[in-house]
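Please examine the sequence and the structure shown below.

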Amino acid sequence: MIIPRTIRRLQDRRTHRNGPWANLFESYDGDEVVSLDCETTSLDVAQAEILSIGAVRIQGKRVKTSDRLDIRLKPPHSLTGESIKVHKIRASDLSDGIELEDALEQLLNFIGNRPILGYYVNYDIRVIDKFLRPRYGFGLPNKAIELSHVYHDIIKWKHVGGDVDLRFDTIASKLDIPIIQRHTALGDAITVALMYVRLKHGQSPTNTH
Amino acid sequence: MPDSFKMDNIPFSLLDQSEQALVSANLDLAYFQQGEKIIAAGEVPEGVHVILKGRVRESEAGEDQRQVYVHYENEDYFGGWSALRGRAIHDFIAEEETICHILPTRILLELMQSNALFADYFQQDFAVKTEIAAQHGKGQDMAEFMLSKITSATIREPLIVEEGTSIRDATRLMRESKADCLLARKGGRFGMVTGTDLLDAVVLKEMALDSDVSDLASYRLVTADPDDYLFNALVMMTRQQIERVVVMSGQTLLGVVELTDVLSYFSSHSHVIGIRIERASSIDDLREAAQGLNDLIKALISTGVKIRFTMDLLAAMNGRIIAKLFDLVIPADMQPHVCLIVMGSEGRGEQIMKTDQDNALIYRDGLSWASMQEVMNRFSEKLISFGFPPCPGNIMVSNPEWVNSVGDWTQKLSDWAETCEGEAQMKLAIAVDAKPVAGNQALFKVARNWFLRHLRNNDVFFSHFARAAIEFDTPLTFFGNLKDKSELDIKKGGIFPIVHGVRTLALEHRILATNTYKRIEALIESGQLQEREGREISEALSLFVQLRLRQQMRRVEESADGFDPTPNLIELQRLNRMERDLLRDALQVVKSFKKHLTLRYHLGG
């Protein structure tokens, strides 16, 4: 049964209000955002296994790269040739990875109840939820901020007719942000964070074509 | 923060692996809008900022934002100094959108504690910084700092024979080992025998083939330390007109360095020119030799020889050209009664390109020589034809004002010293840098010593004389002051204040050297300058001269007529980040030196 995320979130919140993770369900009133990215074995949520998780906190105009999460997990059984081609992560690269359980706990502690920022962030949240729910009984309750939406909302006024190109590299180049270590979880998280800060605080980009 | 932060840039390349890990674990990224103040003067900065993308200017705090000290661009760092001092003294403003890495002050201090070299780079004075940069400047444009030591050239293994070896055996041995010199051991000493010596002995002196070679050897060897600069060996050979230098480490003989080896190293012809100057028997010969000098300068600069040594060598060369010309032009019977002096930068031995001739003649009181002025005119004319441009202030021997008897000369010096008017002060400044190059040097020395005694304890004079050094405004304000916002006059801003300030100090303490570096050394020795201060001033001066020269040569090459109308101009955008960094530090050195002068000679207000 498919239940919309908002309803599930309300449900989860009621169930866990007094549990050990209650603070995750409180509404957030700070000024930080967490930029999150996962590298997985597949783009299909049902089959995807998490390989690595990267996250940084953003505070105002500051991307706090000193305050970051850079987790590699133990290689999952499904690590196949296809995904290796994308991430260039082989099983041997993950030999010193940690267990999924530990990774999830670190992640929850790092994010807390802050909003989560990402590029196609719903995919990352759904993959995490897939592993979170059986173990904790809830999915990530945090508010999600979709970078491409933030970008689109600003760009569309200047872009009459036609679709806005929302590809990662296009956005980065339009915003004139250097791409930092593409296809590593942490690198992508940092790049997304910089793009977000740029969109929030800088002038809107002038050359949209 | 892997990969977006370049660890191989100085000073972070000085850190070891675990220290670099500490850096990357503690970096933050910050975004700044165009026009945003990144660090405001008086504020406590968070730490060192390293630019990932963008452009930042450092400028005077407050209203006058046009006074830009320096621009920082990709991969430059700024704010380190402010972080260490606790407070920034200038504003740092993003000129365009800028993303910076920030390394917190806390970590910076931690690193400085664990890594002395890194600490030096951040904290130490300017001289040390250039030194560190010189040693670790791999991959940067550091050619000028690379100076090869003698050890890096071919030290030839010496061919040693014992006392009693016959000329015949020695010659055969030399032939077999393809050497053209050998060392003969006599007692505990070594003497050198060259192919020419053997030839002379047999052909000219008609010595027997079985006579002992050790009798031919010359035992006054010119030696060099293996750690000495190769270039010094070249200067030595040029000065002493020899072709081999023996390399000794303490008492141990290491080998012989030959002129050809050194020359192939420098790919220039200083010695050749030297020989040609010496052998010139006519003025035309001499002119040809003199014209080879320009190529030599270019070769030396492009090989990366340190500027001070280049100046030394050129001063020696120019001195010899002028002395030789003096020999050819002045009648032999008059030579003992006159003394030719060079003044200004030539007297200090600091000119690089052939600069204006500043020279004068001192003659014995009561000398009667009717055609003197006529001969002097000819002398100046010849020098001009050699490519020494005439002095725009007409300070040369063709001008009767600069041809004086000893009595008149001393009178002129003291007259100038008593006038506070600008032109007299300028003439005096030029004259006190005088150095005798030809003729009877005693005439010059009498006049100089009298003048130095005359000035003793004349505080009013020194106060007046020193004023010129601080006359031009804070050099740092010359940034951004001109149309292009990015040029500065390095002579007014940096070179003149140092040279004149040092000149004043030297005059007051009756230091006879005229070269600014030597004056600084003497001032340090006599305790008038602190060693650190003196060393910094020297380094700063070298940097100014070096930057100026490089830009001069480029402009000369680009211009159609081979003439540079703005010889003292430094175009800041042509400098790389390291050089801009060094230039700014060097100008700080000038600033504090001027402060020192102001206090010392009561020039405030």
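His49(B) stands opposite Ile102(B) in strand E8 of chain B. The model is a predicted one, in which local features require pLDDT of at least 70 and side-chain atom pairs count only at pLDDT 80 or more, while totals for chains, interfaces and linings use all residues. Residues are numbered from 1 along each chain as its sequence is written, and chains are lettered from A and ligands numbered from 1 in the order in which they are written.

Strands here (E, at least two residues) and helices (H or I, at least four) are DSSP runs numbered from the N terminus, and two strands pair if DSSP finds at least two bridges between them. E8(B) also runs antiparallel to E1(B), with five bridges joining the two; within this pairing, Leu29(B) stands opposite His101(B). Strand E8 (residues 98-104) of chain B is largely enclosed by the rest of the structure, because six of its seven residues are buried. A residue is buried if 20 or more other C-beta atoms lie within 10 Å of its own, exposed if 12 or fewer do, and partly exposed in between, with C-beta atoms placed from the backbone.

Two bridges join E3(A) to strand E1 (residues 28-32) of chain B, and the two strands run antiparallel. How many residues of each chain are in contact across the interface? There are 15 residues of chain A in contact with 16 residues of chain B, where contact denotes C-beta atoms, placed from the backbone, that lie within 7 Å. On the side of chain A, strand E3 (62-72) and helix H7 (185-201) are the elements that give two or more residues. That side comprises six nonpolar, five polar and four charged residues. In this classification, Ala, Val, Leu, Ile, Met, Phe, Trp, Tyr, Cys and Pro count as nonpolar, Asp, Glu, Lys and Arg as charged, and the others, Gly among them, as polar.

Elsewhere in chain B, an open sheet of four strands has the order E17-E16-E15-E18 with mixed pairing. Its edge strands, each pairing on one side only, are E17 (403-405) and E18 (435-439). Strand E15 (residues 338-342) of chain B and E18(B) run antiparallel and are joined by four bridges, with Cys339(B) having Gly439(B) as its bridge partner. Helix H18 (residues 441-455) of chain B lies across E15, E16 (359-363) and E18, at about 65° to E15(B); such angles run from 0 to 180 degrees between N-to-C directions, with axes fitted to C-alpha atoms, for helices over the stretch in contact.

The helices can be considered next. Helix H19 (residues 459-471) of chain B has 13 residues and should span 18 Å at 1.5 Å a residue, which agrees with the 19 Å between its end C-alpha atoms. Phe465(B), Ala466(B) and Ala469(B) are buried in H19(B). Seen down the axis of H19(B), the buried residues fall within an arc of 95°, so they line one face of the helix. In helix H22 (residues 531-558) of chain B lies Glu539(B), which is buried because 21 other C-beta atoms are within 10 Å.

Key. Expected span 1.5 Å × (residues − 1). Arc of directions from axis to C-beta. Contact = placed C-beta atoms within 7 Å.
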